[in-house]
Every structure is written in C-alpha cells, then in structure tokens.
Amino acid sequence: IQETLVLVKPDGVARNLIGEILRRIEAKGYSVTDLRMVEADRGLLEQHYEEHVGKPFYEPLVEFMQSGPVVAVRVAGQRVIEGFRSLAGATDPTVAAPGTIRGDFGRDWGLRVQQNLVHGSDSPESAARELALWFR
Ligand code: GTP
Ligand code: MG
C-alpha cells in the first residue's frame with residue numbers, strides 16, 4: 001500500500017476547510033494513518049520545498065507557509081499519490097477543474113503565491129522524503 005503526505009496549507013486551516021478536505025480523502029476510500037497540526041519553521045519549509053529554491057515564487061511560498069498553522073496528514077491507499085493529486089486539482093486554482101479541492105474552494109487572490117489550500121507529494125520518492133520530514 002502506498003503512502004503520501006498531504007498538507008492542509010494555512011489558507012485551508014484559516015478557512016475552516018480541514019474537515020472538508022479530510023472528508024474528501026476518506027470518501028475516496030483512502031485512510032488517514034497519522035495527523036498533526038504544525039507551525040512550520042523556516043528550516044522545515046526550506047527542506048520541504050528544496051526543489052523550488054531560486055524560483056520566483058519560492059520566497060513568498062516559504063513566507064506564506066509560515067503565516068499560520070498547517071495540518072500534516074499521512075494518507076494510505078492504492079495509488080494514493082496520483083489519487084490525491086487528482087482530488088486536489090491543478091496548481092493554479094483558477095483553472096483547477098470544478099469537483100477538485102482547488103477548483104471548488106480556491107481562486108486567485110492576486111497575491112505573490114498561489115494560495116491553493118493543499119499540498120500532495122508528487123512521487124514515491126517525494127512522499128518518502130516529505131513524510132520523514134513532517135513525521136520524524
Ligand atoms: P504542491 O502540492 O503544493 O507541491 O503543489 P504542486 O505540486 O501542484 O505545485 P508545485 O510543487 O509546482 O509548487 C509548489 C507550490 O508553489 C504550489 O502549490 C503553489 O503554492 C506555489 N506555486 C507553484 N507554481 C507557482 C507559480 O507559477 N506562481 C505562483 N505564484 N505560485 C506558484
Ligand atoms: Mg509539488
């Protein structure tokens with residue numbers, strides 16, 4: 001059985017969408033196997049987002065992720081990595097398909113970073129690395 005790391009980002013927590021997001025994960029048939037609320041520090045976020053160092057949205061992203069608590073969730077299920085990314089929808093919430101988390105609840109707020117409610121690991125290697133960071 002595969003595992004992935006889901007983060008409910010600070011905008012998702014502030015907008016009281018934790019339950020809705022977990023509901024969609026469980027409705028799909030995936031299992032929440034660990035969960036914690038975290039005020040992420042810069043060091044953790046630098047490691048989490050190391051692939052994005054140097055991109056124009058990197059600094060606003062790391063700042064945004066420190067703007068409030070996030071909920072880190074370990075989710076298990078068959079092909080859950082692709083499955084959760086399908087539930088989340090496209091990175092840009094303006095064009096994310098309706099029916100997805102980002103498509104139903106996200107929009108462009110005109111800020112320097114996409115406030116798109118959730119993160120999901122994008123490969124088995126990322127999932128293993130990210131789960132070790134957030135659930136050490
Ligand atoms: P995550 O599940 O959060 O990793 O999203 P993703 O895999 O769909 O996107 P990616 O890993 O490429 O980028 C990580 C995060 O950076 C995104 O979720 C956005 O919050 C932000 N981001 C990515 N690309 C852009 C961009 O082109 N512009 C802006 N403003 N933010 C971006
Ligand atoms: Mg990503």
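Seven bridges join strand 2 (residues 31-38) to strand 3, and the two run antiparallel. That pairing belongs to a predicted model, where local features need pLDDT of at least 70, side-chain atom pairs count only at pLDDT 80 or more, and totals for chains, interfaces and linings use all residues. As for labels, residues are numbered from 1 along each chain as its sequence is written, while chains are lettered from A and ligands numbered from 1 in the order in which they are written.

**How confident is the prediction?**

- The predictor's confidence in each residue is called pLDDT and goes from 0 to 100; here the protein averages 97, and 100% of the residues score at least 70.
- The model also comes with an ipTM of 0.93 and a pTM of 0.96.
- Where pLDDT is low, the predicted coordinates should not be read in detail.

**Strands and the overall chain**

- Helices (H or I, at least four residues) and strands (E, at least two) are DSSP runs, numbered from the N terminus.
- Two strands pair if DSSP finds at least two bridges between them.
- Strand 3 (residues 70-77) also pairs with strand 1, again in the antiparallel sense, over seven bridges.
- To spot these pairings, look for Val6, whose bridge partner in strand 3 is Val73, and for Met37, which stands opposite Val71 in strand 3.
- In the UniProt record (an unreviewed entry), residues 1-136 carry the annotation "domain: Nucleoside diphosphate kinase-like"; UniProt positions are given in the numbering used here, feature names are shortened, and annotations may be inferred rather than shown by experiment.
- Over residues 1-136, the chain is 40% helix and 19% strand, with its end C-alpha atoms 20 Å apart.

**Around ligand 1**

- Which residues are around ligand 1? They are Phe57, Leu61, Thr91, Arg112, Val113, Gln114, Asn116, His119, Gly120 and Asp122, going by a C-beta atom, placed from the backbone, that lies within 6 Å of the ligand.
- This shell divides into three nonpolar, five polar and two charged residues.

**Residues picked out by UniProt**

- A residue is buried if 20 or more other C-beta atoms lie within 10 Å of its own, exposed if 12 or fewer, and partly exposed in between, with C-beta atoms placed from the backbone.
- His119 is found in strand 4, and His119 is buried because 22 other C-beta atoms lie within 10 Å.
- Leaving aside neighbours within four places in sequence, His119 is in contact (C-beta atoms, placed from the backbone, within 7 Å) with Val6, Leu7 and Lys9.
- Lys9 is in the loop between strand 1 (2-8) and helix 1, and Lys9 counts as buried because it has 25 C-beta neighbours inside 10 Å.
- Not counting residues up to four places away in sequence, Lys9 touches Met65, Val70, Leu117, Val118 and His119.
- Phe57 lies in the loop between helix 3 (42-48) and helix 4 (58-64). With 13 other C-beta atoms within 10 Å, Phe57 is partly exposed.
- Once neighbours within four places in sequence are set aside, Phe57 is in contact with Arg112 and Val113.

- Asn16 has a positive phi of about 60 degrees although it is not a glycine. You'll find Asn16 in the loop between helix 1 (10-14) and helix 2 (18-27).
- Leu117 sits in the loop between helix 6 (101-105) and strand 4 (118-120) and counts as buried, with 26 C-beta neighbours inside 10 Å.

- Leu131, in helix 7 (residues 124-134), is 128 residues from Glu3 in sequence, yet their C-alpha atoms are 8.7 Å apart.
- Beyond neighbours within four places in sequence, Leu131 is in contact with Glu3, Leu5 and Arg74.
- Asp108, in the loop between helix 6 and strand 4, is 15 residues from Pro93 along the chain, with 6.5 Å separating their C-alpha atoms.

How values were computed: Ala, Val, Leu, Ile, Met, Phe, Trp, Tyr, Cys and Pro count as nonpolar, Asp, Glu, Lys and Arg as charged, and the others, Gly among them, as polar. Two residues are in contact if their C-beta atoms, placed from the backbone, lie within 7 Å.
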